[in-house]
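Q: Please take a close look at the interface between the two chains, and then follow the contacts and side-chain pairs away from it.

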Amino acid sequence: MTDIQTPPGAAPEKSGVGSWLRRNVLHRRQEAPSPISADTVTVKEAPQDKSASDAAPPRVVEFRNVSKTYDDGYTAIQDITFHVDDLPGKGEFITLLGPSGCGKSTILRLIAGLSPQHPATSGQVLVGGLPVEGPGADRGMVFQDYIAFDNRSVLDNVAFGLECQGMPRAERYERAREVIQQVGLDVARDQYKYPHQLSGGMRQRVAIAGTLILKPKIILMDEPFGALDPATRYRMQDLIVSLWRELEATVFFVTHSVEEAVYLGDRTMIFSPGPGRLLQQLEVPPPDRPAKTMQREPAFLEVVFAIKDMVEKLEPSPSSGRG
Amino acid sequence: MIRSTRSIFALRAAPSPIIGRLIGFVSVAALVLVWYLVTLGAPESRIVSPAILPTPVEVGQRLLSLITGGADSEGGTLFLHIAASLRRVISGFALAFFVGVPLGILAGCSGPVRAALAPHALFLRNIPLAALIPLTMVTFGIDEQQKTMFIFIAVAPFLMGDALVAILRVPDKYIETAQTRGASTWQIISKVLIPLAMPAIYSSMRTLFGLAVGYIMLAELVNADLGLGHMLLVGQRRSDLPTIFAALVAIATLAYLVDRGLAFLQGKIFPYRPAED
């Protein structure tokens, strides 16, 4: 994000996010604009997979023609192919967008290595160039229903991963307090509280802290803010943006909200349901202003509406999209 | 306050603790009053014959003499009976706990173990309680060991089943969260599954302990010189109705106090998940 010039402010005229997209994103990688461009706003198609073999550094995540069909015959995702490159010094923020049943969570859980989605029925799921064998601490996961262990205080919840590694108590508590601070909780006030004493937003902060403390290379977030009220949601979006800038991790973020996907993402993947297919990958403007401000700007909304239109247009005929 | 204007007759409304207790007290008092009225007057003119129902005053006096000692031969022995019954329940229950709960946790964690234990558990759970008396007498004699084993066999299969269910009911997402934070299988069992299942296991223990206090009376009808069941038997043999009723009141009170005590402990042991009543 640092190599990109600061976009103009909330100017309501043509110099908003839409034109910023044209000026900066479209030509950043010297690729022709995609033929699928929406009517009003040009949103560039992200680079597609070419020959994967000659890529020098291993990719952070790579899907090669991945399908998942369950024992009962239901196909969750079909022929998904994409990759995420290892950007030195920073990770990409990828948002996954689409209606229920389009396989967004399946993709997240395949990366995490969680059953029954893992293993894939066909195709390859590679993380750091190696096939995923099962879950591990290098791929942290945050769920929608803010999972915090009921029997553990905030401190012990956050320190759980380090406890499993056998780190001595004093040391892991010290680290945990730092992260608790980072996610915006008050260490003095909250560290000895139990999850049932916390609000939903606070519990989600605990869950995020428990993941961050392990410094994973990949963070998987499955609609983490879906159950929060709008005001809390904006605050959590701002939190995620600021944390992610420090973290240099690749984030996969599933959401139902186009606004959230466009705001948070560097790249948005759009999926269609039944069976889940990857319709489109779009580069979207980065979040460089507070969530509440930026998501009200006309230029931002222009992009959101363009994507909503695009999703609507693409959905009825999945075969016309990319498989 | 909105609550104060809400009728206590509102659908599914819970009365305040004080009102609730008051209603409970009035309800018990009404029952005792009816009891008093139907046993009022000279023995011949009562609505219910003294051969069926003693007066509340008689029962109260007998209870008092059982507690403090008095003229009759059983005076002052109530606490000895209670202690004897509780000792048997606790020894059998402890055995059931140390066998049933680990087996249940093991079965909850492992599918093959679960499949192997299922038929045995089904069989043991379906042995009629009454059949356990002759069964345990054949194997364990008629002394204390038999009474312990009776409680053990009656309780252990249920304790195992409830521990199994408690483990299975911990939502998958807790396991998955632990996995994505690098926990090993053993760490998931010891740091996630067991602690999260414990409150449910404890609740089930609370219920089963209450039932076991009731079950022990059955075993005490045979060859016991102390115990609440023995007290009931003696009362029946002597046609001593006040003693039988006093024993029943003592049993109900004991069950209530034990349950309250266990509920109190629940709040202490699991502060993060308060007891549900």
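A: The account below starts at the interface and then turns to the cores, the salt bridges and the backbone.

This is a predicted model, in which local features need pLDDT of at least 70, side-chain atom pairs count only at pLDDT 80 or more, and totals for chains, interfaces and linings use all residues. Residues are numbered from 1 along each chain as its sequence is written, chains are lettered from A and ligands numbered from 1 in the order in which they are written, and side-chain values use heavy atoms, with hydrogens and water left out.

At the interface, 28 residues of chain A are in contact with 18 residues of chain B, contact meaning heavy atoms within 4.5 Å. The two chains bury about 2100 Å² between them, and 59% of it is on carbon and sulfur atoms. Buried area here is the accessible area (1.4 Å probe) that two parts lose on being put together, summed over both. Of the area that chain A buries against chain B, 25% is supplied by Phe149(A), Asp150(A) and Asn151(A), more than by any other three residues.

The rule finds 3 salt bridges across the interface of chain A and chain B; a salt bridge is a side-chain nitrogen of Lys or Arg within 4 Å of a carboxyl oxygen of Asp or Glu. Glu163(A) forms a salt bridge with Lys191(B), where the closest N and O atoms are 2.7 Å apart.

On the side of chain A that touches chain B, the elements giving two or more residues are strand E6 (139–142), helix H4 (160–164) and helix H7 (200–212) of chain A. Helices (H or I, at least four residues) and strands (E, at least two) are DSSP runs, numbered from the N terminus. H4(A) gives the largest share of that side, 4 residues. By class, the side has 13 nonpolar, 9 polar and 6 charged residues. In this count Ala, Val, Leu, Ile, Met, Phe, Trp, Tyr, Cys and Pro are nonpolar, Asp, Glu, Lys and Arg are charged, and the others, Gly among them, are polar.

Next come the cores. A nonpolar core is a set of buried Ala, Val, Leu, Ile, Met, Phe, Trp, Tyr and Cys residues joined through side-chain atoms within 4.5 Å. Buried means under 20% relative accessible area, exposed over 50%, and partly exposed in between (1.4 Å probe, protein chains only). The largest nonpolar core has 90 residues, of which Val61(A), Phe63(A), Phe82(A), Ile107(A), Ile111(A) and Phe252(A) touch the most other members. Helix H9 (residues 185–219) of chain B gives the largest share of this core, 15 residues. Not counting residues up to four places away in sequence, Ile107(A) touches Phe63(A), Ile77(A), Ile80(A), Phe82(A), Leu96(A) and Phe271(A).

Over all chains the structure holds 22 salt bridges. Glu260(A) and Arg233(A) meet in one of them (2.9 Å, N to O). This pair links distant parts of the chain, 27 residues apart, with Glu260(A) in helix H9 (residues 258–264) and Arg233(A) in helix H8 (residues 230–247) of chain A. Both Glu260(A) and Arg233(A) are buried. In chain B, Asp259(B) forms a salt bridge with Arg206(B), with the closest N and O atoms 3.0 Å apart. Here Asp259(B) in helix H11 (residues 241–269) and Arg206(B) in helix H9 of chain B are 53 residues apart. Asp259(B) counts as partly exposed at 26% relative accessibility, and Arg206(B) counts as buried at 10%.

In the backbone, cis peptide bonds join Ser115(A) to Pro116(A), with omega about 0 degrees, and His118(A) to Pro119(A), with omega again about 0 degrees. Pro116(A) is in the loop between helix H2 (104–112) and strand E4 (122–127) of chain A, and Pro119(A) is also in the loop between H2 and E4. Lys215(A), a residue other than glycine, has a positive phi near 45 degrees. Lys215(A) lies in the loop between H7 and strand E7 (218–222) of chain A and counts as exposed at 60% relative accessibility.
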